[in-house]
Amino acid sequence: MLERRDSSALVLEKLSSLCFLFPQGCFQGAVMSDQLKFIVEKLNKEPFKKNFNLITFDSLESMQLLQLLNDVLGEIDPKHVVDIREELPEQTAKRMLSILGILKYKPPGGTSDLSTFRQGLVTGSKPVVHPVLHWLLQRTPELKKRAYLARFLIKADVPAEFLQDDTVAETNRQDITAMEEEKDQLIKRVERLKKRVETVQNHQRMLETARQLRVEKEREESLAQQKQEQKNQVATQTHTPKPESCSCAYPKRGLINRSRSTRGGLFSSSGLMKRLEEEAKFNSYLVSEKFPRELETKKQLLHLLQKVAAEPAMGQADLNELETKINEVNAQINQLIEKRMMKYEPIDSKFSMYRQQASIISRKKAAKAEELQATKEEMSALEKQMLQKSNQARELNGTEVLKGDEVRPVWEESGKEALRSKNTLYKKKRLEIAEITAEYGILQRTEELLTQRHEDIQHQLQAIEDKKGISGYSYTQEELERVSAVKSEVDEVKGRTLDNISEMVKKLNTMVADKKSSLAPIIKDLRQLRQKGQELTQECQEKKTQYDSCAAGLESNRAALEQEVKGLHEECVQEESRYHHTNCMKRMLDVYLQRVKDEMKTYISTDPQEKRKAIREQYSRMITEQENLGKKLREKQKAVRESHGPNMKQVKMWRDFELLMECKKECFLKQQNQISIGQVIQEGGEDRLVL
């Protein structure tokens with residue numbers, strides 16, 4: 001049986017068969033058929049679902065084709081989802097031309113056919129609409145993004161009647177000026193950042209490192225996603241029931257597994273995953289927050305120590321001056337804090353409260369991280385100690401020491417009573433938890449009622465304050481209390497900061513004294529070396545002046561010699577070219593002289609054959625031949641001139657004869673036609689027609 005072919009395939013076959021009949025334009029027809037096929041495929045998919053084929057699409061009328069183009073534009077920009085039957089054709093064309101201009105569509109004909117394109121878009125012409133549909137459906141996602149961004153990047157058209165208002169015009173001008181200034185500032189900032197980055201050493205390596213960091217972050221996200229998928233798989237596998245034969249065939253292993261499950265799943269897959277997550281979070285915190293902070297503090301301390309070591313030796317007067325400067329700076333800090341507290345705003349107070357809470361939490365987090373790190377170090381030390389003890393026990397007894405999984409079955413037999421007591425205790429605690437949960441619910445409801453009552457009281461208090469003319473008094477009182485609490489906290493932090501600064505100053509003083517004592521012999525040696533260095537520097541300067549003077553003299557001599565050599569070289573080149581020219585002329589004259597000698601030899605020779613080879617004889621023969629030829633042509637010209645008149649008359653006679661014969665032929669044909677119709681007989685002065 002023949003397979004059924006759809007109508008689109010039949011249309012394509014017809015188009016391909018027409019190429020044999022009409023070879024011109026076949027390529028263009030094939031391109032148009034490919035465009036139509038692509039448009040139909042895209043329109044039959046989401047989100048259009050038009051269910052077209054090539055025949056139905058090609059048979060669409062102009063209004064339907066324009067509505068289809070408008071639907072595609074509406075998919076790109078939702079503002080164009082309209083029914084074109086409800087608006088004028090000029091408005092439709094203007095709207096479509098504006099969105100196509102925003103989308104950067106260029107008609108195929110270029111700028112010369114813009115009027116044709118506009119007219120075709122108004123009338124819904126297929127040669128105009130089909131390329132537009134093909135272009136829009138080829139890059140729909142990109143055009144959606146462009147249309148979305150165009151709402152923010154295109155200058156808004158303000159009507160002229162609004163711009164006549166001075167306030168609106170001034171506001172518009174100010175906005176445009178502000179945006180242009182902001183744009184210039186951003187461009188300058190970007191250029192400044194580029195220059196700053198280019199001045200940094202190894203900036204290319206830093207950019208490459210930043211790029212690698214971004215790649216690693218993306219890889220971390222993908223790994224986190226894979227980890228979540230694996231956790232889900234592990235969770236589904238742990239919830240699946242296992243066959244009973246496992247616990248029966250391996251009773252010891254089943255006991256171990258039950259003991260593991262009673263211990264809260266520490267050695268299960270979920271427990272291991274939790275432990276790994278905690279370790280990963282802790283390590284990431286150490287790498288991203290703790291270690292960089294400690295490294296920064298160490299660097300600052302090192303920089304400070306290097307700066308102190310690089311400075312000259314300080315006495316007691318210098319230390320006193322530094323202390324007075326520190327006191328002045330602390331006094332300025334206190335004044336600034338008080339000014340800030342006086343200009344305190346409620347929004348800033350909320351932010352400061354949140355900042356304080358965040359700083360407290362960060363300090364607690366850092367302290368807990370240090371405790372965890374110390375605990376881990378202690379645990380590693382205990383593990384090493386346990387390993388040493390197990391090695392010692394193995395050396396003493398000669399047998400292996402039982403470990404956790406091996407001791408656990410024996411321990412479980414002996415700990416059944418303890419497990420029962422723990423079970424009863426667990427039930428009691430569970431009842432207590434239930435009671436506490438119920439009480440928590442009651443307290444939560446009580447809290448809600450009290451909160452609502454507090455809000456009602458606050459509203460009443462505010463109404464009373466408005467009535468008395470002292471609105472905001474309670475809020476101001478609360479703010480003052482909170483400001484005083486914040487001030488107390490700031491004073492406490494300031495006191496701790498001053499204590500830390502004083503301790504740091506003491507440490508710096510001790511370190512400076514130590515450095516002084518250790519650097520005293522080095523400074524003595526340094527003084528001697530400085531004196532020696534000054535002497536060597538002076539000697540080096542003298543040698544350098546001598547060298548510069550000598551080098552200047554040699555340089556002048558070298559320049560004069562180079563100029564002389566250059567002149568001689570140019571003269572040599574000129575003489576060489578003159579020599580070659582003279583040599584060539586000599587060779588040419590030798591050739592001419594040889595030709596003259598050969599000509600004289602052949603001319604003087606008595607042999608006629610040799611004489612005929614002479615150039616003179618050859619040219620004489622050629623002159624004679626040309627003279628004879630010219631004579632013949634002149635005679636022929638004379639004969640033609642003499643016979644020109646009679647010949648022209650004869651030509652005219654033949655033309656007249658030809659016209660006469662043509663006229664006779666026409667008369668004969670006319671007479672034949674009359675004879676076929678009938679015969680005219682003339683008798684007695686009468687004409688008769690016999691049929």
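Contact here means heavy atoms within 4.5 Å. By that criterion, and not counting residues up to four places away in sequence, leucine 133 touches Ile39, Phe57, Leu65, Leu68, Leu69 and Val72. The model is predicted, so that local features need pLDDT of at least 70 and side-chain atom pairs count only at pLDDT 80 or more, while totals for chains, interfaces and linings use all residues. Residues are numbered from 1 along each chain as its sequence is written, and side-chain values use heavy atoms, with hydrogens and water left out.

Leu133 is also among the residues with the most contacts inside the largest nonpolar core, which has 33 residues, and the others named there are Leu43, Phe57, Leu69, Leu100, Leu103 and Leu136. A nonpolar core is a set of buried Ala, Val, Leu, Ile, Met, Phe, Trp, Tyr and Cys residues joined through side-chain atoms within 4.5 Å, where buried means under 20% relative accessible area, exposed over 50%, and partly exposed in between, with a 1.4 Å probe and protein chains only. At least two residues of this core come from each of α2 (26–44), α3 (54–58), α4, α5, α6, α7 (126–138) and α8 (140–153); helices are DSSP runs of H or I with at least four residues, numbered from the N terminus.

Two helix pairs share α5. Helix α4 (residues 62–76) packs on α5 at an angle of about 40 degrees, with the axes 12 Å apart, the axes being lines fitted to C-alpha atoms over the stretch in contact and the angles running from 0 to 180 degrees between N-to-C directions. That makes α4 oblique to α5, since angles under 35 degrees count as roughly parallel, over 145 as roughly antiparallel, 65 to 115 as roughly perpendicular and the rest as oblique. Leu66, Leu69, Asn70 and Leu73 of α4 meet Arg95, Met96, Ile99 and Leu100 of α5.

Helix α5 (residues 89–102) and helix α6 (residues 114–123) pack at about 125 degrees, with their axes 10 Å apart, and are therefore oblique to each other. Here Ala93, Met96, Leu97 and Leu100 of α5 make the contact with Phe117, Arg118, Leu121 and Val122 of α6.

The loops hold some backbone features. Between α2 and α3 lies proline 47, and the peptide bond from glutamate 46 to proline 47 is cis, with omega near 0 degrees. Lysine 49, in the loop between α2 and α3, has a positive phi near 55 degrees and counts as exposed at 56% relative accessibility. In the loop between α5 and α6, lysine 104 has a positive phi of about 65 degrees although it is not a glycine, and lysine 104 is exposed, with a relative accessible area of 57%.
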